[in-house]
Amino acid sequence: MNTIEGLTIQWQPWTVAAVLSHLWQSSVVGLVILVLMYSTRRASARTRWLIGWIGLIKFVLPLVWFNPTFSRLNLPSMGRWSNSPASLAPTLNGIASKRTASISNSAYPTAATSTSKALWVNAGAAIWAAGTILFTGDWCLRGFRTRRRLLETAEPISDKLRNRVEWASERLGLAESPRCVAISEAAGPGIVGVFSTVVVFPRSLEKGLSDAEIDSILIHEFTHLRRRDPLLAGLQAVVVRLFWFDPVVWLLNRRLHIESETACDEAVLDITADAKVYVGSILKIIRQSLGLQAPGFAGVTGVSIVARVRNILAHSSAPHRRRPMIVAIGAAVALVAFSGF
């Protein structure tokens with residue numbers, strides 16, 4: 001075994017034991033990631049969001065299926081037996097014959113055990129596949145219905161709102177203004193869709209908000225678009241539906257949604273620097289839309305309002321320290337990278 005071969009990571013065929021090992025390791029890592037997210041409250045929400053995504057990636061990156069071997073261990077390789085002295089050949093052949101005989105004698109109970117294990121494996125795989133199809137289909141169907149219902153009454157936005165949209169786009173440095181429509185339903189403002197996104201704005205809400213409040217809401221929604229949050233939320237939904245049986249995945253998914261909204265709130269405050277106006281706009285939206293949320297719809301009222309208002313009012317304009325943020329992200333990456341070894 002040379003040095004290069006020893007330092008490479010070799011892919012091994014997956015087995016039931018490898019899958020189970022990967023699942024429990026991923027769950028433990030996910031719990032540690034959640035603790036790390038809660039313990040870094042002084043870091044930016046974007047940092048905690050990134051840490052949460054690192055924990056979620058652990059579930060879809062099965063490092064436990066890799067077999068790292070290092071040359072410094074000096075483990076015997078198959079090539080050494082081929083270079084063994086000729087005097088050892090009879091002894092080696094005798095050992096191999098005894099091993100073959102013992103394996104043949106125990107073949108019948110092993111076959112019965114293998115059949116029983118295969119039945120359990122097939123049953124578990126069938127339950128997992130059924131749950132994945134059921135949860136995925138329900139999410140896609142409800143998302144499609146939400147998009148169709150909201151866009152049925154869509155109309156072009158007014159000139160006043162179009163001016164606010166252009167102003168918010170310029171402040172965020174977007175190449176072009178996002179597609180925005182006015183709807184008659186008291187839902188939103190929010191973003192509809194995953195790939196083809198549309199920002200919806202209730203007609204009744206435009207009259208009840210001042211220009212400053214409209215600006216803060218639009219900046220929030222456009223920040224979601226700049227961060228590619230609708231697409232990432234779709235990927236989160238896929239991971240959650242694949243690992244629907246693991247509560248740690250659902251907890252990570254919940255925290256990621258919260259930190260995503262908090263990160264956009266911080267972006268709004270960094271631009272407008274007016275927490276009271278922003279909170280006032282959110283409270284007016286709550287009175288109108290009841291804070292309902294649906295799949296495929298990213299709205300302002302998607303997380304706990306009390307905690308969110310408290311965080312907005314307590315937001316400090318002081319910049320976050322980069323060193324603790326880098327240390328926290330590095331710790332999360334190291335945890336995921338070495339957990340499979």
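Which backbone oxygen lies 3.2 Å from a polar atom of the side chain of Thr-40? In this predicted model, the atom in question is the backbone oxygen of Met-37.

## Thr-40 and the loop between α2 and α3

Thr-40 belongs to the loop that joins α2 and α3. Its relative accessible area is 12%, and because the limit for a buried residue is under 20%, Thr-40 is classed as buried. Beyond residues up to four places away in sequence, Thr-40 touches Arg-48, Ile-51 and Ala-328.

## Packing of α2 against α3

Helix α2 spans residues 16-39 and helix α3 spans residues 45-60. Their axes come within 8 Å and cross at roughly 175 degrees. Since angles over 145 degrees count as roughly antiparallel, α2 and α3 are roughly antiparallel to each other.

By class, the contact of α2 with α3 comprises six nonpolar, six polar and two charged residues.

## Packing of α9 against α11

The crossing of α9 past α11 is right-handed.

On the side of α9, the contact is made by Ser-216, Ile-219, His-220, Thr-223 and His-224. On the side of α11, the residues are Ser-260, Glu-261, Cys-264, Asp-265, Ala-267, Val-268, Ile-271 and Thr-272. The residues in the contact of α9 with α11 divide into five nonpolar, six polar and two charged.

## Ala-263 in α11

Helix α11 also holds Ala-263. With a relative accessibility of 9%, Ala-263 counts as buried. Apart from residues up to four places away in sequence, Ala-263 touches Ala-45, Arg-46 and Arg-227.

How far apart are Ala-263 and Arg-227 in sequence and in space? The separation is 36 residues in sequence, and the distance from C-alpha to C-alpha is 9.9 Å. As for Ala-45, another residue that Ala-263 touches, its number falls within the range 45-60 of α3.

Terms used:
Residues numbered from 1 in each chain as written. Predicted model: local features only at pLDDT ≥ 70, side-chain atom pairs only at ≥ 80, totals over all residues. Heavy atoms only, no water. Axes fitted to C-alpha atoms, helices over the stretch in contact; angles between N-to-C directions. Helix = DSSP H or I, 4+ residues; strand = E, 2+ residues; numbered from the N terminus. Parallel < 35°, antiparallel > 145°, perpendicular 65-115°, else oblique. Nonpolar A, V, L, I, M, F, W, Y, C, P; charged D, E, K, R; others polar. Buried < 20%, exposed > 50% of the residue type's maximum accessible area, 1.4 Å probe, protein only. Polar contact = N/O pair within 3.5 Å; in protein donor to acceptor, adjacent residues only side chain to side chain. Contact = heavy atoms within 4.5 Å. Left-handed = near helix turned anticlockwise from the far one by under 90°.
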